[in-house]
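Me: I would like to learn how to read the features of a structure one at a time. Please give the general idea first and then the case at hand.

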Amino acid sequence: QVQLVESGGGLVQAGGSLRLSCAASGIIFSINAMGWYRQAPGKQRELVAAITSGGDTNYADSVKGRFTISRDNAKNTVYLQMNSLKPEDTAVYYCNAAVQKSYITSYSPYWGMGTQVTVSS
């Protein structure tokens, strides 16, 4: 099985910073794209940032210039550095990874349980 475990969430004042981490473990042959999504109360889950195995990145317009996604392929870990946080960034943040469990299988998406980020004004 594959597990994604997030850490680093918490309560921070507006203008502050947090760094989220997500480590993948279990039966892993290869990981393609990894990303962070978030879901605020009453809203749909949305993509925050994604990164390919080669390092290409993609960001939601609302976080460009404030958030940075990175990954350590050797550790199967993805990070999200969040700076200049705003109250509207408050949400549960979920890690996602496209994982290949063997060389003969296709990539499948896996999700973490989520970590709460709360930004106070």
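Me: Is L18 buried or exposed?

Reply: First, the ground rules: this is a predicted model, in which local features need pLDDT of at least 70 and side-chain atom pairs count only at pLDDT 80 or more, while totals for chains, interfaces and linings use all residues. Residues are numbered from 1 along each chain as its sequence is written, and side-chain values use heavy atoms, with hydrogens and water left out. Buried means under 20% relative accessible area, exposed means over 50%, and partly exposed is in between (1.4 Å probe, protein chains only). L18 has a relative accessible area of 15%, so L18 is buried.

Me: Where is L18 placed, and which residues does L18 touch?

Reply: Strands are DSSP runs of E with at least two residues, numbered from the N terminus. L18 belongs to strand β3. Contact means heavy atoms within 4.5 Å. Not counting residues up to four places away in sequence, L18 touches G8, G10, V12, L80, Q81, M82, L85 and V117. The C-alpha atoms of L18 and N83 are 6.8 Å apart, although 65 residues separate the two in sequence.

Me: Which residues of the largest nonpolar core touch the most other members?

Reply: A nonpolar core is a set of buried Ala, Val, Leu, Ile, Met, Phe, Trp, Tyr and Cys residues joined through side-chain atoms within 4.5 Å. The largest one here has 31 residues, and W36, L80, M82 and Y93 touch the most other members. At least two residues of this core come from each of β1 (2–7), β3 (18–26), β4, β5 (46–51), β7 (67–72), β8 (77–82), β9 and β11. β9 gives the largest share, five residues.

Me: Which residues does L80 touch?

Reply: Leaving out residues up to four places away in sequence, the contacts of L80 are L18, R19, L20, W36, V48, A49, F67, T68, I69 and Y93.

Me: How many residues of β9 are buried, and which strands pair with it?

Reply: Nine of the 10 residues of β9 are buried, so the strand is mostly covered. Two strands pair if DSSP finds at least two bridges between them. Strand β4 (residues 30–39) runs antiparallel to β9, with eight bridges between them; M34 has A97 as its bridge partner there. β10 also pairs with β9 in the antiparallel sense, over four bridges, and A98 stands opposite P109. With strand β11 (residues 115–120), β9 makes an antiparallel pairing over three bridges, where Y93 faces T115 as its opposite residue.

Me: What should I expect of side chains along a strand?

Reply: In a regular strand, side chains alternate between the two faces of the sheet.

Me: How many salt bridges are there, and which residues are joined into one network?

Reply: A salt bridge is a side-chain nitrogen of Lys or Arg within 4 Å of a carboxyl oxygen of Asp or Glu. The count comes to four. R38 and E46 form one of them, with the closest N and O atoms 2.7 Å apart. R38 is buried at 6% relative accessible area, whereas E46 is partly exposed at 36%. D89 also meets R38, at 3.0 Å from N to O. D89 lies in the loop between β8 and β9 and R38 in strand β4, so this pair ties together parts that are 51 residues apart in sequence. Both D89 and R38 are buried. Through shared partners, salt bridges join R38, E46, R66 and D89 into one network.

Me: What is the closest N and O distance between D61 and K64?

Reply: The D61 and K64 salt bridge has its closest N and O atoms 3.1 Å apart. D61 is exposed, with a relative accessible area of 64%.

Me: Where is E46 found, and which residues does E46 touch?

Reply: E46 is in strand β5. Not counting residues up to four places away in sequence, E46 touches W36, Y37 and R38. The C-alpha atoms of E46 and A60 are separated by 8.6 Å, with the two residues 14 apart along the chain.

Me: Which residues form a nonpolar patch on the surface?

Reply: Patches are made of residues with over 30% relative accessible area and no salt bridge; like charges are joined within 9 Å, and nonpolar side chains (Val, Leu, Ile, Met, Phe, Trp, Tyr) within 5 Å. Accessible areas come from the Shrake-Rupley method with a 1.4 Å probe, and for residues only the protein chains shown count as cover. F29, Y103 and I104 form a nonpolar patch, with about 420 Å² of accessible area together. I104 sits in the loop between β9 (91–100) and β10 (108–111), and counts as exposed at 65% relative accessibility.
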